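Trainee: I would like to learn how to read a model like this one, feature by feature. Where do we start?

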Amino acid sequence: MMKKIYIFFLLFSLLYQHLEAQNQSKGFSITPLGVKGGLDEANLSAYLVAAKGSSNYICLDAGTLNAGLQKIAYKAPFDQLSAEEIQKKQIKAYCITHGHLDHLAGLIMNAPNDVSKPIYAFPSVIEVLKDHYFTWKSWANFANEGEQPILNKYTYQPLTPQKEIEVPGTGLFLTAFSLSHVAPYESTAFLVRNQQDYLLYLGDTGADTVEKTNQLAQLWERVAPLVESKQLTSLFIEVSFDNSVPNKALFGHLTPMLLMQELNKLNKLSNGQLKSTRIYITHIKPCNNCTQNIQQQIEAANNLGLTILYPEQGKTMVID
Ligand SMILES: [Zn+2]
Ligand SMILES: [Zn+2]
């Protein structure tokens, strides 16, 4: 009799776990807090990402926080919350691609208002935060290491390349890849996983041909199987300048031409399946007609018929 009851409970708990897993939505919800690559301090790279249906976000880069949060406060899907409440309650972690101001100024400036949370980054990026920003000469040391006195609000979580970790409280998993951003300076690509779905976010990066590295080639090798199996739902990648800017003046960034060269490589590695991944263009550097030029040049070079999209500050995108 006891044995039968035991088996019954075992089956019941397995069924329950299965239903629970089904309940957790696939896909992602993404809200850009800022989308540009410089100049406009109210609209710099920062993307809130959660599992679809969840309000527990990671923040990929944090160039702009407050201006973006003001834009989304009290609007769906943040209906009941002020900017401050979204920052405190719903951002569970920051993931920083590299140490340039347009990727972390919002994090530094808004630290006084924040609550305890982790900062995920490569050791090289944590060094920049520790040595240059979370210091008492620049601002205050809100982190858990570095210059005394230590305020201990943020906890540095150094990442190992290509090793997946879980971000507690979000249901998301994170894998970091090293990128070259004016060699030898390091930037990061974050591969975010929700169950079997993936999203890839690249920080600033040069093309392999210009940087004389194979960092992007290695990344494409790793994600090509996910493209082929249609698990890579979306790819966020930078195009900072239009094609008129010569290679020597790119400083570790992409143009439409270089973007398309790289995407062609990824498409080939994934046996022509890149069409099923949405491509989001980030980090356009403002100048006269830059956005328009870049959009036209990408469209003209889009020989693969890819879905190219342009994220907008404060506009939530739901990806199934
Ligand atoms: Zn940048
Ligand atoms: Zn940069």
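Mentor: Start with accessibility: a residue is called exposed when its relative accessible area is over 50%, buried when it is under 20%, and partly exposed in between. Keep in mind that this is a predicted model. Y185 has 59% relative accessibility, so Y185 counts as exposed.

Trainee: Next, the metals. Which protein atoms are the donors of the zinc ion (ligand 2)?

Mentor: For a metal, list the donor atoms, then look at distances and angles. Here the donors are H98 (NE2), H100 (ND1), H181 (NE2) and D204 (OD), lying 2.2 to 2.4 Å from the zinc ion (ligand 2). Their spacing in sequence is H-x1-H-x80-H-x22-D.

Trainee: Why is the arrangement around the zinc ion (ligand 2) called irregular?

Mentor: Ideal angles for four tetrahedral donors are 109.5 degrees. To count as tetrahedral, four donors need all angles between 85 and 135 degrees. Around the zinc ion (ligand 2) the 4 donor atoms subtend angles of 87 to 167°, and the arrangement is therefore irregular. Water is not among the atoms, so sites may look incomplete.

Trainee: What coordinates the zinc ion (ligand 1)?

Mentor: The zinc ion (ligand 1) is coordinated by D102 (OD), H103 (NE2), D204 (OD) and H283 (NE2), at 2.1 to 2.2 Å. Along the chain these donors are spaced D-H-x100-D-x78-H. The site of the zinc ion (ligand 1) is irregular, with angles of 88 to 167° among its 4 donor atoms.

Trainee: Which residue bridges the zinc ion (ligand 1) and the zinc ion (ligand 2), and how far apart do the ions lie?

Mentor: D204 is the bridge, and the two ions lie 3.4 Å apart. D102 is in the loop between β4 and α4, while D204 is in the loop between β10 and α6, so this pair ties together parts that are 102 residues apart in sequence. D204 counts as buried because its relative accessibility is 2%. D102 is also counted as buried, at 12%.

Trainee: How many aromatic pairs does the count come to?

Mentor: For ring pairs, read the distance between centres and then the angle between planes. The count comes to 8 aromatic pairs. In one of them, Y94 and Y154, the ring centres are 5.9 Å apart and the planes stand at 85°, so the pair is edge-to-face. This pair connects distant parts of the chain, with Y94 in strand β4 and Y154 in strand β6 (residues 154–158), 60 residues apart. Y94 is buried at 0% relative accessibility, and Y154 is buried with a relative accessible area of 0%.

Trainee: How are the rings of F134 and Y154 oriented?

Mentor: The planes of F134 and Y154 are at 35° and the centres 5.8 Å apart, so this pair is tilted. F134 lies in the loop between α5 (123–133) and β6, and F134 and Y154 are 20 residues apart in sequence. F134 is buried, with a relative accessible area of 0%. Elsewhere, ring pairs link Y47, Y201, F236 and Y280 into a cluster.

Trainee: The last topic is charge. How many salt bridges does the structure hold?

Mentor: The structure holds 9 salt bridges. One of them joins the side chains of R193 and E164 at 2.9 Å, N to O. R193 is in strand β9 and E164 in the loop between β6 and β7 (165–167), 29 residues apart. R193 is buried at 15% relative accessible area, whereas E164 is partly exposed at 36%.

Trainee: Where do E262 and K265 lie?

Mentor: Both are in helix α8 (residues 256–269), 3 residues apart, so about one helical turn separates them. E262 is buried, with a relative accessible area of 1%, while K265 is partly exposed at 35%.

Conventions
Residues numbered from 1 in each chain as written. Chains lettered and ligands numbered in written order. Predicted model: local features only at pLDDT ≥ 70, side-chain atom pairs only at ≥ 80, totals over all residues. Heavy atoms only, no water. Buried < 20%, exposed > 50% of the residue type's maximum accessible area, 1.4 Å probe, protein only. Donors = N, O, S within 2.8 Å, 3.2 Å for Na, K, Ca; no water. Tetrahedral: all angles 85-135°; square planar, octahedral: opposite > 155°, others 65-115°. Helix = DSSP H or I, 4+ residues; strand = E, 2+ residues; numbered from the N terminus. Phe/Tyr/Trp six-rings, centres within 6.5 Å; stacked < 30°, edge-to-face > 60°. Salt bridge = Lys/Arg side-chain N within 4 Å of Asp/Glu carboxyl O.
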